[in-house]
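Have a look at the picture first, then read on.

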Amino acid sequence: MGTTVATAAGDVSPWLRREDQRLLTGRGNFIADLALPRMLEAAFVRSPLAHALVTHVDLSRALEHPDCETAVDGIMLSEHCKPLVSPSAPGILKETRWDALATDRVRFDGQTVAVVLAADRYLAEDMADLVDVVYEPLTPVLNATDALAATAPILHPDLDTNLLAERRFKGGDVDAAFAAANYVHAGTYVTTRHTHVPMECRGIVAEFNSATRELTVWSATQIPHLTRIIVADALGLPEHSVRVIAPDVGGGFGAKGTVRPEDIAICAMAMLVGRPVRWIEDRTEAFRASGQAWQQTHSIEVAVASDGTVLAVRDEIVADVGAYSDVISTAAIEPFMAGGLLTGPYRIENYEAHVSGVATNKCPTIPYRGVGRVPMVFAVERAMDEIAAALNISPVTIRQKNMIRDDEFPFRSATRVVHDRTSYQACLARAHEVVQKYASAPTGQPHLLRGVGYASYAELTGVGSGASVAPGAKYVRTGSDSAVVTLSPDLSATVSLGFPSQGQGHETVFSELVAQELHLAHDQVHISGGDTRSTPFGVGTMASRGAVVGSGALTRACIAINAKLTAIAAHLLEIDPADLDIEPGRVVVRGSKDNFVSTEQLVHVAYFDVRKLPDGVTPGMTETGYYDPKFGTFANATHAAVVDVDIETGKVVVRDYVVIEDVGRLLHPLLADGQTRGAVIQGLSGALQERIVYDDAGINTTTDLLTYPLFSARDLPRLHIEHVESKSEVSLTGVKGVGEGGTIAAPAAVANAVADALRHLATETVTSFPLTPEVVLALVHGTSLASRQ
C-alpha cells in the first residue's frame, strides 16, 4: 500500500479524506481553508498477542466509514518517521529499534499496530475496532532465565541474543573473604513487576503549521527538552522547528520520563493531516503499555564473621527488562543501578555482581520511583535480617556493626562510588528509639501476630555528569541544568526553569529560594517552566535531581544578579564592592547604614540609565545560572514498620511506620514531608498489594484498578517522619534529593516486619513481595507458592 506526502506539486496521500487533502494542498474554498481546523482524536489498534508476526493490516473497513477521518498502519507511517533507537555501548548494552507502529512483528501485549483518527475519542475507538489485523503467532518468551536458553526464540533477530545489557561489578578480594568466613548466607530474592499508576495517564496534542513547518507539542512529560530532541530526530525536523510544552502534569513517577512510540505516531499524524491531533491514554492502555519496573531476581551470597561483620557479598542479578530498550534510560537503568549501588550504607569492601538485563515478551521497563534500588534494598535488607537470626544478633545490631561510621566519610565503596557525609548510624539509632513505643504493644488477639521490621538505604541523588546512570545513554549523560532569573524594573523576579513540575511544588520552593537570595517578598517571584521555546535547556525532572540541581542553578543565577547590583552600587558610590552588603531594598556600605543605594535605583540604572553603568557591566538584569553536581550526593534513611499479621486470613495491616530521613538542607520542610509521605504510601502499596501479572500466553491480566489494587485511605498507617539534617558537602546548596526515598525502603521494612511476626510459626521465609494474603498464608502453612510474574 503506497503512500506519499503532500508536496508543492500537489501529490496527496491516497489514504487521506477529501477534507484533509484540501487542507494539505490549499485547494478548495479560500474562506473555508482559513477556518481553524478541528482537532482530531486518535485511538490505537494494539496487539492482542505477546509475540507474533504482523502479516496483514486491512484498514479498508475503517477508511470507508464516514466517521473515520483517516487510518494508517506501521508500514505507511514508517515512510514519515524513524523508529526509536535506544543507545548502545560495546560489550555492555545492545540497541533496539522500536517503530511508532509495528511494521512486521509485535513483541508484547498492547504494542501499537495502527492508529485511527476521528472527530472524538468514542468514534476513534469504534473505528479502531474496524481495523483487521492478521497475526502469525510466535512462541512468547516470558521468563528471563528461559530467554537466555540456547533454544529460546530471539525477540530481535538482528541481535542473535535476548541479553540486552550485561555488566560485572567487582571490588576487593571476594574469594579470600569467603574463604575466611565463619558463616555464609545464601538467598534468592524476587521482586515482581509493578507499574506507576499516576493520577493522570499520558497525554499528547500535536499541531503542525505547514506554512512555517513548525510542530507544537503539548505533552504530559517530565522531560520537555529531551522530548523535543527525540521527536525532531524521529520526524526529520530541525530542533528549532519543534516546540514542546509541558503543562501542569498530574504525577509521573518515571512513566512520563521517556518518549514512547505513541508520541512519535501522534506527531507524525498531525504533520500528515494538517490538523491538531490528540491522544489521551486510558487506564487500560497505561497498564498494558506505558512502562513497568522492578522485576529482578537477586541470588545473593554473604560471607560473615562470627560477630556479624559482613566480609563480602556476591550477587547474580537478572532483570526482566521487557521487549525493548528504552530510548532515554536504556534497558540497563534498573539492573545496573542495582548492581552498582547494592552495598548501600554498609562498609562492604569485597563485592562482586554479575548483572543481566534480559528481553522478554512483556511491556518494556522504564524508571520507576526508586529506580533499581527497591529490588536491591529488598534483597540486602532481607539478607541482613536472616543473617542476624542465624547468628542470634538483633536486626539493629547487625546493621550498626556494618554501617559506614561517621568518621569514615568520604567513603569509597567497592564499586568506587564515593559517599559524601551523611547520617546512616544516626538515622538507624533514632528509628529504633522511636519505634519501640509501638513495637511492644500487644495485639490482644491470638490470631494477630505483631512484627517489627527495619530497612536502611543509601540513595545517590542529584547525579551529575561524572556518574553515568546508564552507560551508553545518550541523553541523560549530562547532569547539568540551568535557570534564568530576571529582576524587572518593578523589582519583581521572573524565573525560567528547564525542568517542569509534576506536583513536587517547584513553584513554592524555588520562589522562596529566589526571594531569599534576592531579598524579595515571596509574591514578587514568578516561576515558569515546561516550554522549550521560553525556558533554558534542562535534562528534566527525574532521578531526585530537581532540588539539588535546580537550587544550584537558581542560586548561581541569583549570585550573578547580586554581583551586578553590587558592581553598579560600587560604581555609583565610588567604593570597593567588597565593602558593600546587600540588604532588603538596598545595597549599603558596611559599617555606614546611612550610606546606601536603593535596589530600585540600581535596577533603574541597569535598564534606563545605562550611561551610569561601570565598564564591563551590561544593561538589563537577567542572568543564567548553570549547575552540574558532578557525582551527586547521598541521601539516606532508616524505615521501621510495625505490622499485625492475621494468621487466619493472611491479611497484613501496617499499624505504625517510622521514617528517619536525611535529605540534607531542608528547603521546605512541609513539602519534604509530603514527598516522603507520598513515596512511603506508594512503597507500602507495592509491598502488600500491587503486582503486574502475565498469563502463560504473555497477556497482561492486570489492566484496571480492580485487578491491580492500590492503597486507599483506610489502609494508611500512623506515619512518623523525622529529618536528620546533615547538609551535603557536595551540592552547592547543601541539598540532597527527597523524591524517591520513601518508596525505596518500604517493601523491605514491611517484609522484615512480616518475617518477624511469623518467626516462630512459618517454616518458609519471606523472599518476595507483594505480601498478599495468599502469599502470607502459604508462609504460615509452609506451602510453596510460586511468585507470579
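**Helices side by side**

Helices H15 and H16 are roughly parallel to each other, a label used because angles under 35 degrees count as roughly parallel, over 145 as roughly antiparallel, 65 to 115 as roughly perpendicular and the rest as oblique. Keep in mind that this is a predicted model, where local features need pLDDT of at least 70, side-chain atom pairs count only at pLDDT 80 or more, and totals for chains, interfaces and linings use all residues. Residues are numbered from 1 along each chain as its sequence is written, and side-chain values use heavy atoms, with hydrogens and water left out. Helices (H or I, at least four residues) and strands (E, at least two) are DSSP runs, numbered from the N terminus.

**More on H15 and H16**

- The axes of H15 and H16 (residues 546–573) cross at roughly 30° and come within 10 Å; axes are lines fitted to C-alpha atoms, for helices over the stretch in contact, and angles run from 0 to 180 degrees between N-to-C directions.
- Their crossing is right-handed, and the rule is that a crossing is left-handed if the near helix is turned anticlockwise from the far one by less than a right angle, and right-handed if clockwise.
- On the H15 side, Phe510, Leu513, Val514, Glu517 and Leu518 make the contact, where contact means heavy atoms within 4.5 Å.
- Their partners in H16 include Gly546, Ala547, Leu554 and Ile561.
- Sorted by class, the contact of H15 with H16 has 8 nonpolar, 5 polar and 1 charged residues. Here Ala, Val, Leu, Ile, Met, Phe, Trp, Tyr, Cys and Pro count as nonpolar, Asp, Glu, Lys and Arg as charged, and the others, Gly among them, as polar.

**H12 and H13**

- H12 (residues 373–391) packs against H13 (residues 395–402) at an angle of about 115°, and their axes are 8 Å apart.
- That makes H12 roughly perpendicular to H13.
- This crossing of H12 and H13 is right-handed.
- Glu381, Met384, Asp385, Ile387 and Ala388 in H12 touch Pro395, Ile398, Arg399 and Asn402 in H13.
- That contact of H12 with H13 counts 5 nonpolar, 1 polar and 3 charged residues.

- S23 (residues 481–487) and S29 are antiparallel over 6 bridges, and Thr486 stands opposite Thr622 in S29.
- Another open sheet has 3 strands in the order S6-S2-S8, paired antiparallel.
- S6 (105–106) and S8 (132–137) each have a single partner strand, so one side of each is left without a neighbour in the sheet.
- S31 (residues 652–662) and S32 (residues 718–723) pair in the parallel sense over 6 bridges, with Val658 opposite His720 in S32.

- Most residues other than glycine have a negative phi, and most peptide bonds are trans.
- The bond from Phe409 to Pro410 is cis, with omega near -5°, and Pro410 lies in the loop between H13 and S20 (411–412).
- Asp160 has a phi near 60°, a positive value in a residue other than glycine.

Note on methods: Two strands pair if DSSP finds at least two bridges between them.
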